[in-house]
Amino acid sequence: MKRQVALIFCILSLHSVVGQVSYSIPEEMAKGSLVGNIVRDLGLDVKRLQVGKARIHTGDNTEYIQLNKEKGLLLIKEKIDREALCGQTTPCALHLQIALENPLEIFPVTVEITDINDNAPIFDKQESVFEISESAIIGSKFILEKAIDPDIGLNGLQSYTLKPNDNFVLKLHSQSDGGKKIEMILQKPLDREKQEFTSLLLTAVDGGEPQRSGTMQIHITVLDVNDNAPVFTQNVYKATLKENSVKGTVITKVSASDADNGSNGEISYGIVNSMRGMSKLFHITEDGHLILNGSVDHEKAKKYEVHISATDRGGLSDSSKVIIDVGDINDNSPVVNIISSSNSIGEESPLNTVVAIMSVNDPDSDENGKVQCAMNKNSPFSIISTSSHFYSIVTGSALDRERASEYNITVTCSDEGVPSLSSSVTLTIQISDMNDNAPVFDRSSYEAYIVENNTPGFSIFTVKATDADWNQNARVSYILEDSSVNGVSVSSYVSVSADSGVIHAVRSFDYEQIKDFQFLVKAQDGGSPPLSSNVTVKILIQDQNDNPPQVLYPVQTGGSVVAEMVPRSADVGYLVTKVVAVDVDSGQNAWLSYKLQKSTDRALFEVGLQNGEIRTIRQVTDKDAVKQRLTVIVEDNGQPSRSATVIVNVAVADSFPEVLSEFTDFTHDKEYNDNLTFYLVLALAVVSFLFITCLVVIISVKIYRWRQSRIMYHSNLPVIPYYPPRYSDTLGTGTLPHVYNYEVCRTTDSRKSDCKFGTTSRHNVLIMDPSTTGTMQRIQNEKNILDEPDSPLEVRARPF
């Protein structure tokens, strides 16, 4: 008992290689018992188990182990019976994987189940009956049924005892399957006369603690004289059997012979196999044919050993063994299990990004168990083998959400059997978006029209851009790019709605001032960083008939009469004059037509509809009035049309005086006289004012300059005569060898006067008075003359 308790609570961590952990636990542990501290043994953190959504993957096996994520412990979920799980297979182990996400990680875990002595040896039959001839010789062998103990090792069957053992002893023979063949050997002759019936107790004992045992009663009837035992032709028979063989299939035929005659030579065959259920799986006929009585599975048992006995009527027997190899057929499809997978992956993910991890197993053997996995074509994903039975699905090429936002990945795993069997699994992978597409306008450029005189805020046009991305990355905003139109910011002309792209007029447009303009609109998405594109929008202003025609000729004056003369000799079609008008509008709004609205004599003149030419339509006669007055209306072709009126005065006369006499009353018309009088009085007043102002200014300037000159020359400084070096008097002293000619030039400003020296002349003589007083007086007089302002003076010395 102490050993069993120690095995339950002592958990050995066997080894951990590259993330692999192994544990060893005894079978039959209670629910909730501790298997191991997986967090400590794998070097993980408890938070990693929780964040990574840790879970246990066991394949097709029953889940005996559970994971406590809060403490990182492996616990017993269901009580484990080693014998039910593995039978006689050793070692017995559970292979499971712990899967973590973000990132994807797989940690293999092996839990070995050790045996405890929970089963006692047991015989398939409670009683066994032998009929033995009294003539059986010493050493005769009698095959006994072996006891069955599901336990293994020391806990399995260890020895037999036979009581009482006066006539028989037991002998054990080791076999290739690890079992022991048990024979009861006659060591003392039987004497039917002394004891016809004998009962023996066969006890099978295991080696566990506490020791367990099983018993079987052996009843022996002593018969008369049968001195030859059956003998098999072979000690071992070998046969093969396909696992899909139907019930009743003949496996092989065994044969034994007996030298006795009569009933003592009649042989019966039987199966004495010790394995439980073997007699139900096979049976043997009286003639020695071994027949399949059930179904065999290569994946459960690859080989069977069937022990056959041949017994004659005298109870003598022999034994042989039939080894049956179960041949595999491809009857199992590969088992595909998704251990971990990602539901979505970003389109910017690099190559070889792991999307899913799966395990693939095929229980078949050899070629039937070899598996190859492949994916559907035209997929940006590929599958690679990471280790035995494990595969990873990775990105094999660049992802583009705009081309495909979702992939249904079908993985098909096929074995190499004939015919090949396969299994498929489908994964749905969503491709998450990244901002890798700029908005694109539906046109390369836009043109929009708007009629002039629009109201501010009028909706002109709508630009539209689309973004191939998704959600926020595809949310487009419209922005008016800053630019200028005629030196003015374009934002003072139009605005753009950020959400809808509607372009509104900010002001009222005038076709006569601006006929068209263009600007850029930027479409920007909501990604980070945002992407954008531009488009050119051209706005064309359409003309509206908002301007009447303007008459350029004849010029309409208010105070004078302009008349066109037509001689009385003028012929039909004579060009009197031409009305010239323009319209600043465009198109048909500027197409002008001329009509004669009123005329002194409608039968004399006509107006060209298109050119505005006024011509005579008949011969001018002497009876026609000299004074003709025409009213011409000029209309444009707009809707509604606008017009202007011009009055044309025509004089029918051959001479100008005749025209004046006739047109005098025109000049006395009250309409013109009032205006003429007003303008004449106004002009006279302005001219008079300007004249008086100029006169006053001129006089003031003259007086100012004169006063400045007087101040300069009327100073109190003494006058000292100066004579030049070559001075000579006029008295003929002969001291002046040369005569100089002096030329004095005066300007209105005496300070800017120039003094010029002329060439030498014998006639130009400056005459000086010998007396000083006379000389000074003369100089003073000349000075006074020079002091006269504003009168230029030229003084020249002339010859006497």
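Here is a short tour of this structure, which is a predicted model, in numbered points.

1. In general, a disulfide is a covalent bond between the sulfur atoms of two cysteines. One of the two joins Cys-86 and Cys-92, with 1.9 Å between the sulfur atoms. This link is right-handed, with 65° about the S-S bond. Both partners, Cys-86 and Cys-92, are buried.

2. **The other disulfide.** Cys-373 and Cys-413 are also bonded, and here the sulfur atoms lie 2.1 Å apart. Distant parts of the chain are linked in this way: Cys-373 belongs to strand S28 (residues 371-375) and Cys-413 to strand S31 (residues 406-415), 40 residues apart. The angle about the S-S bond is 105°, and the link is right-handed. Cys-373 and Cys-413 are both buried. If you count bonded cysteines along the chain, the pattern reads 1-2, 3-4.

3. **A cysteine to look at separately.**

4. **Two cis peptide bonds.** Most peptide bonds are trans. The bond from Thr-90 to Pro-91 is cis, with omega near -10°. Pro-91 sits in the loop between helix H4 (82-86) and strand S7 (92-100). The bond from Lys-163 to Pro-164 is cis too, with omega near -15°. Look for Pro-164 in the loop between strand S11 (157-163) and strand S12 (168-174).

5. **Positive phi values.** Most residues other than glycine have a negative phi. Lys-53, which is not a glycine, has a positive phi of about 50°. Its place is the loop between helix H3 (46-51) and S4. Lys-53 counts as exposed because its relative accessibility is 51%, and exposed means over 50%. Asn-102 also has a positive phi, near 55°, and lies in the loop between S7 and strand S8 (105-114). With 59% relative accessibility, Asn-102 counts as exposed.

6. **Salt bridges around Arg-618.** The structure holds 17 salt bridges. Which residue forms a salt bridge with Asp-601? The partner is Arg-618, and the closest N and O atoms are 2.8 Å apart. These two come from distant parts of the chain, 17 residues apart: Asp-601 is in the loop between strand S48 (592-599) and strand S49 (605-607), while Arg-618 is in the loop between strand S50 (613-616) and strand S51 (627-636). Arg-618 also meets Asp-624 in a salt bridge, at 2.7 Å from N to O. Arg-618 itself is partly exposed, with a relative accessible area of 23%, whereas Asp-624 is buried, with 8%.

7. **Other charged contacts.** The side chains of Arg-40 and Asp-41 form a salt bridge, at 3.3 Å from N to O. Arg-40 counts as exposed, at 60% relative accessibility. Elsewhere, a network of salt bridges links Arg-82, Glu-83 and Asp-115.

8. **An open sheet of 4 strands.** The order of the strands in this sheet is S17-S24-S23-S20, and the pairing is mixed. Strand S17 (236-242) and strand S20 (267-271) stand at the edges; each has a single partner strand, so one side of each has no neighbour in the sheet. On average, neighbouring strands of the sheet are turned by 25° against each other, direction ignored. S20 and strand S23 (residues 303-312) run antiparallel and are joined by 5 bridges. Ile-271 has Ile-308 of S23 as its bridge partner.

9. **A nonpolar surface patch.** Phe-678, Tyr-679, Leu-682, Val-686, Phe-689 and Leu-690 make up a nonpolar patch on the surface, with about 650 Å² of accessible area together. One of these residues, Leu-690, is in helix H7 (residues 670-713). Leu-690 is partly exposed, at 48% relative accessible area.

10. **A last stop at Thr-62.** Thr-62 is in the loop between strand S4 (55-57) and strand S5 (65-68). It is partly exposed, with a relative accessible area of 48%. Leu-94 is 32 residues from Thr-62 along the chain, and their C-alpha atoms are separated by 9.7 Å.

Notes
Residues are numbered from 1 along each chain as its sequence is written. This is a predicted model: local features need pLDDT of at least 70, side-chain atom pairs count only at pLDDT 80 or more; totals for chains, interfaces and linings use all residues. Side-chain values use heavy atoms; hydrogens and water are left out. Patches are made of residues with over 30% relative accessible area and no salt bridge: like charges are joined within 9 Å, nonpolar side chains (Val, Leu, Ile, Met, Phe, Trp, Tyr) within 5 Å. Accessible areas come from the Shrake-Rupley method with a 1.4 Å probe; for residues, only the protein chains shown count as cover. A salt bridge is a side-chain nitrogen of Lys or Arg within 4 Å of a carboxyl oxygen of Asp or Glu. Buried means under 20% relative accessible area, exposed over 50%, partly exposed in between (1.4 Å probe, protein chains only). Two strands pair if DSSP finds at least two bridges between them. Axes are lines fitted to C-alpha atoms, for helices over the stretch in contact, and angles run from 0 to 180 degrees between N-to-C directions. A disulfide is a pair of cysteine sulfur atoms within 2.5 Å.
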